[in-house]
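Here is a walk through one protein chain. Keep the sequence beside the 3D view as you read.

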Amino acid sequence: DARAGSSADGSGGGAEDPPPPPPPPPPFPEPDERPLFAPESAMSRRGRPSSQGGWVDGAPPPTWGPDADEPPPHDDDYDTGTLRADEPGRSWLRLALALALVLAVVIAVVLGLQLSRSQDQPPGPAAPSGGSSQASDNNSGGARASAVTIASVSDFDPDADPPEENPDLAPLAIDGDPATAWRTVTYFDPLGDLKSGVGLLVDLGRPTRVADVSLTLIGQPTSVELLAAAPDAAAPSDRGGLTRVAAAEKAGTAVDLVPGDATTTRYLVVWLTDLPAVDGGFRGQVAEIVVRS
């Protein structure tokens, strides 16, 4: 029979059918909707302003505007960033600023006093400009005497015959070298027993006010006088027109001759009246002459 082998229920006697597919998985749960704004509990405890004016969810803060009756309560969640009096170190900072201010005032006062004293004190004398000689101040104005340029120096011996005494050595008395000197001849007897004196004629080139004359001598003691011609006089050839304006008796090697009165002249004479003793007699030596005005 052509249907032999079929099952009794008519389904046929072939292979078994495959099992049905598993059901699909359930859908993922929808996430909770996140609000765009913070919940009402996160808003300010005093309410929030509305765009239409007024306040939403409550009245405005108790302090609002310049006419508030009392200051706003302190909010611990709000930090202004300013120092408070009760913060640590605040009192120390105030003390340091106060001490700095006091110290600045003291320094300013001390500097002011020192400046005032320096302005009140007169300037001290300037140091002497040459050798052991000292400049003097012989004028009423108190001006510092300064060295005068000497035009020339020559020997002066009017009592001798011929009237000269080592003229070739005279320039050594103004050459700036104290190791070189003009010297007299050697006298066997004291000079005062032979003549009134011997010396050097100093030409200042023009009439000049003389404040003092400094001498550097070799040997001691030496007695010396400073003679001056009249302001308009010619070069003297003897002592007739000369005036003694200063003198030093038994002087050492450094001598300052300071006229007692104001002296203006072109010609000065350094006049030796007593000479130091040397081997074989007596001899005077003038190493440097400095004239100040």
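Lysine 250 and aspartate 274 form a salt bridge, with their closest N and O atoms 2.6 Å apart. A salt bridge here is a side-chain nitrogen of Lys or Arg within 4 Å of a carboxyl oxygen of Asp or Glu. Lysine 250 lies in strand β8 and aspartate 274 in strand β10, so the pair ties together parts 24 residues apart in sequence. At 52% relative accessibility, lysine 250 counts as exposed. The cut-offs are under 20% relative accessible area for buried, over 50% for exposed, and partly exposed in between (1.4 Å probe, protein chains only).

This is a predicted model: local features need pLDDT of at least 70, side-chain atom pairs count only at pLDDT 80 or more, and totals for chains, interfaces and linings use all residues. Residues are numbered from 1 along each chain as its sequence is written, and side-chain values use heavy atoms, leaving out hydrogens and water.

The structure holds six salt bridges. In one of them, glutamate 165 meets lysine 195, the closest N and O atoms being 3.3 Å apart. Glutamate 165 sits in the loop between β3 and β4 and lysine 195 in the loop between β4 and β5, so this pair ties together parts 30 residues apart in sequence. Both glutamate 165 and lysine 195 are buried. Arginine 266 and aspartate 203 also meet in a salt bridge, at 2.8 Å from N to O. Arginine 266 is in strand β10 and aspartate 203 in strand β5, 63 residues apart. Arginine 266 is partly exposed at 27% relative accessibility, whereas aspartate 203 is buried at 12%.

Now the overall fold. Of the 293 residues, 25% count as buried.

β4 pairs with β13 (residues 285–292) over two bridges; two strands pair if DSSP finds at least two bridges between them. Arginine 183 stands opposite glutamine 285 in β13.

The structure holds one aromatic pair. The rings of phenylalanine 156 and tryptophan 271 have centres 5.9 Å apart and planes at 70°, so the pair is edge-to-face. Rings of Phe, Tyr and Trp (its six-membered ring) pair if their centres lie within 6.5 Å; planes under 30 degrees apart count as stacked, over 60 as edge-to-face and the rest as tilted. Phenylalanine 156 lies in strand β3 (residues 152–156) and tryptophan 271 in β10, so the pair ties together parts 115 residues apart in sequence. Phenylalanine 156 is buried at 4%, and tryptophan 271 is buried at 0%.

Terms used. Helix = DSSP H or I, 4+ residues; strand = E, 2+ residues; numbered from the N terminus.
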